Amino acid sequence: MFFVELILLLYFIYVVAYTAFFAIAGLFYRPLAYAQPQRNLRFCVLIPSYKEDAVILDVARQALNQTYPAEYYEVVVIADSLQPATLELLRKLPIRVVEVHFESSTKVKSLNMALSQLDTARYDYAVILDADNVMEKNFLQLQNGLLATHSLKAVQGQRKPKNQNNNLAFLDGVSEAINNHVYRQGHTAAGLSSSISGSGVVFDFALLKDKLGKMTSIGGFDRELELQLLLEDIKVYYYKDAVVYDEKISQAGAFQNQRKRWISSQYFYLKKYFRPGVAALFKGNFTFFNSAVLRNIQLPRLINLGLLTVLTPVAVLLRHYLALGATLWVILFVVNTTAILLSIPGEFYSKKMLKALLDLPGIFVRMFMLLFKLKNANKKFIHTPHGATSE
């Protein structure tokens with residue numbers, strides 16, 4: 001019994017300390033300053049679209065609506081399994097459409113096929129969007145100012161929710177905001193590499209083409225790409241001011257599929273990069289160790305929060321039977337809750353949040369059960385459909 005109690009406490013001490021440290025670090029984040037750029041960089045905006053007929057036309061149109069000069073960026077829709085009518089309408093827009101066909105589709109395959117058809121000399125940077133993403137109108141202009149001033153190879157923009165049409169979508173947006181604060185803002189402020197969201201991210205074009213060309217990831221390509229960059233000591237910078245709006249999941253089935261894919265890929269890459277990560281620590285490369293091991297070895301945040309919420313009152317009730325008592329459990333719960341509250345932007349604090357919190361126990365149970373359904377989840381492409389967000 002003592003051994004189980006000790007293991008649980010050590011795990012949650014680590015999780016809470018990690019979350020609290022980067023939540024506080026995130027408060028000290030300041031974006032890099034830059035002067036008025038002397039030149040305009042050339043951007044390629046890549047939008048992989050797998051069966052996204054419901055949203056891709058609107059997304060492509062909005063991608064053209066930037067304050068950045070049109071002659072310095074090109075929108076490329078990578079069309080995988082789109083309807084002929086959708087393709088016809090896309091081709092009427094001033095964009096490039098790259099049709100791809102695969103027996104088994106993945107985002108990496110689509111991106112690599114498009115990149116193989118694009119001239120490296122024509123672009124300075126590539127922007128990766130999801131098929132539901134909408135860049136704020138000044139996104140490219142802000143990125144140009146930053147990139148033209150600082151020698152950065154990879155920059156993650158801030159993803160914000162495009163919709164809050166029900167409790168699930170609202171909580172999904174809150175979760176993304178916490179990730180932004182802890183794993184991106186906090187990491188950047190602490191001098192580490194920001195985690196990559198998978199969209200709303202900008203890469204040196206030649207670098208992206210080289211790295212993706214060597215990857216065959218099925219799920220979680222963003223995790224592996226980040227680690228591949230760090231192997232060459234290329235950190236990802238988080239640029240909070242450059243905003244991309246992302247459609248949040250509003251249907252339970254799609255939410256579970258998405259989280260199943262994320263959890264599976266997290267532990268797949270933990271296993272793949274665990275030894276290199278530990279080796280990196282002994283070589284003084286804490287940044288790679290953090291991204292490969294420290295971040296990935298944790299259970300999903302909601303599961304950690306749910307378990308702490310359950311274990312803390314149980315420890316209080318059974319305090320006389322526990323070798324280490326209940327005080328530490330209470331402290332961990334309070335510190336963890338405080339760190340999470342610090343990480344949530346003020347815009348989310350509303351009556352809507354109080355209402356959405358009532359759904360958390362049910363979501364926690366569904367998330368927890370996913371831990372037992374991960375077998376082979378990272379061996380096949382799990383698509384998350386978009387466009388059904390209105391009620």
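**Stop 1: a tyrosine on a strand**

Select Tyr245, which is found in strand S8 (residues 237-246). Helices (H or I, at least four residues) and strands (E, at least two) are DSSP runs, numbered from the N terminus. Before going on, a word about what you're looking at: this is a predicted model, where local features need pLDDT of at least 70 and side-chain atom pairs count only at pLDDT 80 or more, while totals for chains, interfaces and linings use all residues. Residues are numbered from 1 along each chain as its sequence is written, and side-chain values use heavy atoms, with hydrogens and water left out.

Contact here means heavy atoms within 4.5 Å. For a distance check, pick Val127 too: Tyr245 and Val127 are 118 residues apart in sequence and 14 Å apart in space, C-alpha to C-alpha.

**Stop 2: the sheet**

Next, colour the strands. Eight of them form an open sheet with mixed pairing, in the order S3-S2-S1-S4-S7-S6-S8-S5. Two strands pair if DSSP finds at least two bridges between them. Look at the edges: strand S3 (96-100) and strand S5 (134-135) each have a single partner strand, so one side of each is left without a neighbour in the sheet. Then find helix H4 (residues 107-116), which packs on the sheet and touches S1, S2, S3 and strand S4 (125-128). The direction of H4 makes about 135° with that of S1. (Axes are lines fitted to C-alpha atoms, for helices over the stretch in contact, and angles run from 0 to 180 degrees between N-to-C directions.)

Zoom in on strand S1 (residues 43-50) and strand S2 (residues 73-80), which run parallel and are joined by 8 bridges. Two pairs to click on: Phe43 has Tyr73 in S2 as its bridge partner, and Ile47 has Val77.

Stay with S2. How many of its residues are buried? The count is 8 of 8. In a regular strand the side chains alternate between the two faces of the sheet. On one side of S2 you'll see Tyr73, Val75, Val77 and Ala79, and on the other Glu74, Val76, Ile78 and Asp80.

**Stop 3: salt bridges**

A search of the whole structure finds 17 salt bridges. A salt bridge is a side-chain nitrogen of Lys or Arg within 4 Å of a carboxyl oxygen of Asp or Glu. Start with Arg96 and Glu74, whose closest N and O atoms are 3.4 Å apart. Arg96 lies in strand S3 and Glu74 in strand S2, so the pair ties together parts that are 22 residues apart in sequence. Arg96 is partly exposed at 25%, whereas Glu74 is buried at 15%.

Now jump to Lys272 and Glu224, whose side chains meet in a salt bridge (2.6 Å, N to O). Lys272 sits in helix H9 and Glu224 in helix H8, so this pair links parts 48 residues apart in sequence. Lys272 is partly exposed at 44%, but Glu224 is buried at 6%.

For a group, select Lys107, Asp130, Arg159, Glu176, Arg184, Asp246 and Lys248: they are linked in a network of salt bridges.

**Stop 4**

In H8, 8 of the 10 residues are buried, so the helix is largely enclosed by the rest of the structure. Helix H10 (residues 286-294) is another one to select: 8 of its 9 residues are buried, so H10 is largely enclosed too. What covers the buried residues of H10 includes helix H1 (2-26), helix H6 (167-189), helix H8 (221-230) and helix H9 (252-282).

**Stop 5: helix H12**

Finish on helix H12 with Asn336, which is buried at 5% relative accessible area. Leaving aside neighbours within four places in sequence, Asn336 is in contact with Val16, Thr19, Leu305 and Leu308. Also in H12 is Val335, which counts as partly exposed at 34%.

Notes
Buried means under 20% relative accessible area, exposed over 50%, partly exposed in between (1.4 Å probe, protein chains only).
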